[in-house]
Amino acid sequence: MADYVASIDQGTTSTRCMIFNKKGEIVGSHQLEHTQIYPQPGWVEHNPNEIWARTQDVIDEAMRSTGTRAEDIAAIGVTNQRETTIVWDKTTGKVLYNAIVWQDTRTDRIIQELGKEGGQNRFQHKVGLPLATYFSGPKIKWILDNIEGARQAVEEGRVVFGNVDTWLIWNLTGGVEGGVHVTDVTNASRTMLMDLETLQWDADVCRIMGIPMQMLPQICPSSHIYGYTQSDGLFKGVIPVAGDLGDQQAATVGQACFDVGEAKNTYGTGCFMILNTGQERVLSKNGLLTTVCYQFKDEKPVYALEGSIAITGALVQWLRDNLKMIDSAPEIEDLAKTVDDNGGMYLVPAFSGLFAPYWRADARGVIVGLTRYVNRGHFARAALEATAFQTREVLEAMKADSNVDLLVLKVDGGMVQNDLLMQIQADVLQVPVIRPKVAETTALGAAYAAGYAVDFWHDMNEMRSNWKKDKVWAPKPLSKLHTEKYKEWKKAVTRTFDWID
């Protein structure tokens with residue numbers, strides 16, 4: 001009998017394979033980074049072939065280091081950086097262009113053209129999303145409009161689209177030798193092409209964007225057997241590929257936020273807060289996204305409100321790689337502890353414009369409040385505070401849309417190991433912040449979806465019972481971070497507006 005579920009967590013900066021037991025505990029993992037490609041300002045790309053190569057490497061090492069065989073694995077789940085767009089030839093496996101990453105802003109002119117009729121919320125009633133460079137649909141259009149021969153290849157039935165989940169599942173299940181071309185409802189809901197009610201591609205939106213529907217993958221539930229690995233392939237055995245969730249929805253499942261009103265915040269390259277709204281689709285009036293939270297098997301879909309922040313952990317990477325202020329990301333905490341506050345400076349990381357709740361593609365990053373008093377420690381502190389302040393902006397928008405007061409915030413992702421950041425977050429929000437024992441809930445959520453599809457886990461109560469509290473940060477009631485510092489942050493944000501004409 002199989003004792004484990006494997007999860008492939010393909011993120012913006014790295015890929016990992018994690019192996020979980022029935023208690024939701026990690027029994028093995030391996031992780032590798034991949035190259036970030038910046039062809040020009042505002043453009044961000046990845047090499048899909050490098051991502052697939054890294055995926056194979058981390059699977060091999062996770063299984064080797066734990067002595068795991070194919071027959072030990074009940075199912076495989078996939079979770080991925082959402083919106084990142086790949087177009088490839090299914091007959092040869094050749095990609096037509098690098099993956100255009102969710103942070104990329106090259107489609108700003110396409111967004112402007114689409115918005116001339118109906119404004120920024122032209123498609124919101126159908127797809128739950130504003131017009132923004134963030135989503136996959138405009139990225140597909142850019143590739144079809146700019147890569148020679150792309151449209152003709154689509155018409156010939158050779159070229160297909162997928163977010164990273166689709167690309168990995170296609171390769172896992174055989175690639176050019178019969179790989180399945182599918183996605184799940186959570187990833188499809190991030191393309192700006194899926195009708196949230198029917199959970200199918202919307203013909204009118206596709207027509208307006210000039211995207212042939214034959215290139216789009218089949219939309220399936222998040223917990224569903226899509227296909228099987230090949231006996232002579234990567235896993236050296238036949239295993240069902242049975243879970244697929246966009247990374248933030250996967251983290252929501254991994255945090256067992258199955259009840260209406262439960263929320264989580266994931267701290268990674270960006271920051272993403274999701275509030276479970278149940279079977280109700282709540283259209284935001286305050287800059288949030290309406291998205292599918294998950295759909296298990298043939299059950300009804302569960303929806304969510306999401307606040308997406310483009311740059312949080314990536315700001316720490318920027319301090320490390322571009323400004324050389326630190327040698328490794330974890331050093332940010334010790335550096336920030338060398339000062340008591342931000343020294344009056346604010347760092348607003350609108351490197352790719354501003355996402356929720358502003359949706360300003362014209363914004364760019366600013367550093368304000370500089371004096372000669374400011375040192376490296378203040379930069380570090382301001383970087384951590386930027387994450388916490390942006391999260392509060394999203395939380396306030398969620399409260400306005402849902403009329404729900406958040407009592408606690410469940411957190412996960414790489415940055416939650418930073419105790420100072422978590423305390424800052426509690427002080428800014430004035431609610432307790434809770435970290436679970438398994439903080440890598442993105443991979444766990446994909447494992448849950450896959451395991452549920454094959455009855456490795458039989459119901460949500462089993463998954464919920466696995467969730468265990470690790471640490472709680474209580475807010476300091478008189479913190480200036482909640483009052484005057486937040487007010488100054490809001491002022492700093494306005495300085496980013498209208499930078500790009």
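L245 is buried, with a relative accessible area of 0%; buried means under 20% relative accessible area, exposed over 50% and partly exposed in between, with a 1.4 Å probe and protein chains only. The structure is a predicted model, in which local features need pLDDT of at least 70, side-chain atom pairs count only at pLDDT 80 or more, and totals for chains, interfaces and linings use all residues. Residues are numbered from 1 along each chain as its sequence is written, and side-chain values use heavy atoms, with hydrogens and water left out.

L245 belongs to strand β14 (residues 240-246); helices (H or I, at least four residues) and strands (E, at least two) are DSSP runs, numbered from the N terminus. In space, the C-alpha of L245 lies 7.9 Å from that of G445, although 200 residues separate L245 and G445 in sequence.

Strand β14 is part of an open sheet of six strands with mixed pairing, in the order β3-β2-β1-β5-β14-β13. Two strands pair if DSSP finds at least two bridges between them. At the edges stand β3 (26-33) and β13 (223-228), each of which pairs on one side only. From one strand to the next the twist averages 25°; axes are lines fitted to C-alpha atoms, for helices over the stretch in contact, and angles run from 0 to 180 degrees between N-to-C directions.

Within this sheet, six of the seven residues of β1 (residues 4-10) are buried, so strand β1 is largely enclosed by the rest of the structure. On one side, β1 runs parallel to β5 (residues 73-80) and is joined to β5 by six bridges. Y4 stands opposite I73 of β5, and Q10 has N80 of β5 as its bridge partner. Strand β1 also pairs with β2 (residues 14-20), in the antiparallel sense and over six bridges. Three residues lie between β1 and β2, and the two strands form a hairpin.

Two helices lie across strands of this sheet. Helix α6 (residues 164-172) lies across β1, β5, β13 and β14 and runs at about 150° to β5. Helix α14 (residues 441-453) lies across β1, β2, β5, β13 and β14, at about 135° to β14.

**The seven-stranded sheet**

A second open sheet, again with mixed pairing, has seven strands in the order β17-β18-β16-β15-β21-β22-β23. On average, neighbouring strands are turned by 30° against each other, direction ignored. Helix α13 (residues 419-429) packs on the sheet, touching β15 (263-267), β21, β22 and β23, and its direction makes about 55° with that of β23; contact means heavy atoms within 4.5 Å.

Strand β21 (residues 409-412) runs parallel to β22 (residues 433-436), to which two bridges join β21. K410 stands opposite I434 of β22. With β15, strand β21 pairs in the parallel sense over three bridges, and T266 stands opposite D412 of β21. In a regular strand the side chains alternate between the two faces of the sheet. Both faces of β21 are covered, with L409 and V411 buried on one side and K410 and D412 buried on the other.

| Strands | Sense | Bridges |
|---|---|---|
| β1 and β5 | parallel | six |
| β1 and β2 | antiparallel | six |
| β21 and β22 | parallel | two |
| β15 and β21 | parallel | three |

**Helix α12**

Helix α12 (residues 376-402) has 27 residues and reaches 40 Å from its first C-alpha to its last, close to the 39 Å expected at 1.5 Å a residue; the expected span is 1.5 Å times one less than the number of residues. Of these 27 residues, 22 are buried, so α12 is largely enclosed by the rest of the structure.

N375 caps the N-terminal end of α12, with a side-chain oxygen 2.8 Å from the backbone nitrogen of G377. After α12 comes N403, whose phi is positive, near 60°.

The axes of α12 and helix α16 (residues 484-494) come within 11 Å and cross at roughly 90°. That makes α12 roughly perpendicular to α16, a term that covers 65 to 115 degrees, whereas angles under 35 degrees count as roughly parallel, over 145 as roughly antiparallel and the rest as oblique. Where α12 and α16 meet, A386, F389, Q390, R392, E393 and E396 of α12 face K485, Y486, W489, K490 and V493 of α16 in contact.

How values were computed: A polar contact is a pair of N or O atoms within 3.5 Å; within protein, one must be able to donate a hydrogen and the other to accept it, and residues adjacent in sequence count only if both atoms are side-chain atoms.
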